[in-house]
Amino acid sequence: MTSDLPPVGTRLCHSGHLGTVKFVGPVDGTQGIWLGVEWDDPKRGKHDGVKDGKRYFTCLVPNSGSFIRPSPAISYGVTFLTALTAKYVENPHGDVLSEKVVLGSSGGAIEVEAVGLDKIRGKLARLESLRQVSLDNERVSGADPPGEIERTCPGIRGLDLSKNLIPGWDVVAAITMELRELRSLSLNQNRLRPPQHLDVCAFERVEELQLNATLTTWEEFQAILAYMPALRTVELGYNRLRMLDSGAGTAPLGSNMTTVQSINLDSNELDNFGSICSSMQDLPTLQRLVLTSNLVAQISPPPDHSGGEATQSPVSGLTHLALAFNRIASWTDIDALPRWCPQLESLTLAGNPLYEEPAHRTYARPFTIAKIPSLKILDGASVSPKERTDSELLYLSYISKQALSDEQKRAVHPQWQFLSSKHGITDTAPPSQPEGQDTLSNRLISVRIFESEDESLPQSVPPSEIDGYLRRCPNDVTLRVLLTMTVRTFRLKVLKAFKIPKDQQSAVRLWMVLPDGHFIEMGDEYAGRDLSWWGVEEGTSFVIATVSP
């Protein structure tokens, strides 16, 4: 019976559950032979290889192991071509012209008549013509005799071997080295022994690699990349990665890695943004980095040289960065991003505390746009030139209301000087509040609203021409308002003051006039913010206009 027992490292399937043999032998206090198995699904496990205080094996994931008896019910898998033939080749049904087919999504409730299925089977049976092959969960565990795969299906360009019984990279290489046209390889939900010495031709043309939920370490990833000189895109999500440590014996990736453009590290446990970026230093062509659903809570600026000069960021070429659903809660973290990624064009931040907490939610998007000058897409939505201008002016208005010196502004708001110069704004400190009794009348300010006959207002006018432009408006009113009033309430007050009929109110738009001559539209997107957030103060002017739909 011993000769029939699987060696340690063998992959198996038992009652639909996949696992790896970690121990073969007797267990104290019992009779016979046991298999110690680490299950791919930790919920199937009962312990981590320890029974009655004695360790028999170890698990990569805590409590994912158990003991089972050797049994004929256990499957140790099939070869690649056996699985391929079983899925893509089906015997003809003879002279039958039509067959009954149950729609899989109907749960057996819908049965239809299909004509000509034998012709389809015949086309699929020509394995040499296959280009895209999926053997997901087909219990593939080994390669075939040398030359058989190449003779049978040489044209495969995309191959999915996810959730199978492949024990290691040597088996993967034995399969792929015969697929000379292979470009895309998916190995998700496998448990692969780290690569040792692989054929250099096994992955020479692979451009896309998926290793999600494989528990692959960063060190193992680096080792396999040495065999993939054409690799452009790689996915390493759901691998329980806590840090990207290359290990003491790992050599730099070198010139082999100049082709990698995109790395997806979605849903790991990474928390150190600086360490993550430093691990990308051997990937100079990297343009896309996905860190969605990790544990990043802080983004510190890149380290400086001893002389104070900033080092070049290891991710300076990034154009897309996904940081959604992390733990970012401070604006200083966003301020640091342009220093790490000076060419950043696309960013995701949804699901972070900074974007979800009520105190930040309303102005999170415009402030982020203002803080990252190169940004073109935020959370999947394009940033138009108008939105950028409005966001930057809003941000400058916010800064102007803080009692900070110019030096403090440069320190607290790194983009302040650049934006002030860009928009020609000379900032002054806010006037001190008068002392005295805090009554409602003391907190009311006067603002003036002008009604323009023009449907299209200029984006700005020279400061010296503001008064002349406003005097040409046919109607105006002066209102006393509280700075705590929301824009939505203020707008209703304005519409009432001008006696705008209800059926026309939706066509009325409202602009605030800044001292430098810029006109900022106060649209619905920020209607929940109060007037103080917009920088409204005593004597601020507004313009309304009716715009045809």
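Analyst: Happy to. Let's start with one side chain: Trp 331 counts as buried, because its relative accessibility is 15% and the cut-off for buried is under 20%. Keep in mind that this is a predicted model.

User: What share of the residues in the protein chain is buried?

Analyst: Of the 549 residues in the protein chain, 46% are buried. As for the surface, the chain exposes about 27,900 Å², with carbon and sulfur atoms supplying 50% of that area.

User: And how many helices and strands does the protein chain have?

Analyst: There are 16 helices and 26 strands in the protein chain.

User: In the hairpin of E1 and E2, how many residues are between the strands?

Analyst: That hairpin has 2 residues between its strands, and Ser 15 takes a positive phi near 55° there.

User: Which residue stands opposite Val 24?

Analyst: That's Leu 35, in E3. Strand E3 spans residues 34-39, and E2 pairs with E3 in the antiparallel sense over 6 bridges.

User: Now charges. What's the idea behind a salt bridge?

Analyst: Side chains of opposite charge can pair when their charged atoms come close. By the rule used here, a side-chain nitrogen of Lys or Arg must lie within 4 Å of a carboxyl oxygen of Asp or Glu. That gives a count of 21 salt bridges.

User: Which residue forms a salt bridge with Glu 269?

Analyst: Arg 242 does, with the closest N and O atoms 2.9 Å apart. Glu 269 lies in the loop between strand E16 (262-264) and helix H6 (273-278), and Arg 242 in the loop between strand E15 (233-235) and E16, so this pair ties together parts that are 27 residues apart in sequence. Glu 269 is partly exposed at 26% relative accessible area, while Arg 242 counts as exposed at 63%.

User: What about Glu 387 and Arg 365: how far apart are N and O in their salt bridge?

Analyst: It's 2.7 Å from N to O. Glu 387 sits in helix H11 (residues 385-400) and Arg 365 in helix H10 (residues 364-371), so the two tie together parts that are 22 residues apart in sequence. Here Glu 387 is buried, with a relative accessible area of 16%, and Arg 365 is buried with a relative accessibility of 16%.

User: Where do Glu 392 and Arg 388 sit?

Analyst: In helix H11, 4 residues apart, which puts about one helical turn between them.

User: How do I read aromatic rings?

Analyst: A pair of aromatic rings is described by two things: the distance of the centres and the angle of the planes. The structure holds 18 aromatic pairs. One of them, Trp 331 with Tyr 363, is stacked, at 6.5 Å centre to centre and 25° between the planes. Trp 331 lies in helix H7 (residues 331-340) and Tyr 363 in the loop between helix H9 (358-361) and H10, so this pair ties together parts that are 32 residues apart in sequence.

User: Is the Trp 331 and Phe 367 pair stacked or tilted?

Analyst: Their centres are 5.7 Å apart and their planes stand at 55°, so the pair is tilted. This one links distant parts of the chain, with Trp 331 in helix H7 and Phe 367 in helix H10, 36 residues apart. Phe 367 is buried, with a relative accessible area of 1%.

User: Which rings are linked into a cluster?

Analyst: Ring pairs link Trp 331, Tyr 363, Phe 367, Tyr 395, Tyr 398, Trp 533 and Trp 534. Elsewhere you can find a charge over a ring: Arg 44 lies over the face of Trp 39, 4.3 Å from the ring centre.

Conventions: Residues numbered from 1 in each chain as written. Predicted model: local features only at pLDDT ≥ 70, side-chain atom pairs only at ≥ 80, totals over all residues. Heavy atoms only, no water. Pairing = 2+ DSSP bridges. Buried < 20%, exposed > 50% of the residue type's maximum accessible area, 1.4 Å probe, protein only. Phe/Tyr/Trp six-rings, centres within 6.5 Å; stacked < 30°, edge-to-face > 60°. Lys NZ or Arg CZ within 6 Å of the ring centre and 35° of its normal. Areas by Shrake-Rupley, 256 points an atom, 1.4 Å probe, with all protein chains shown as cover.
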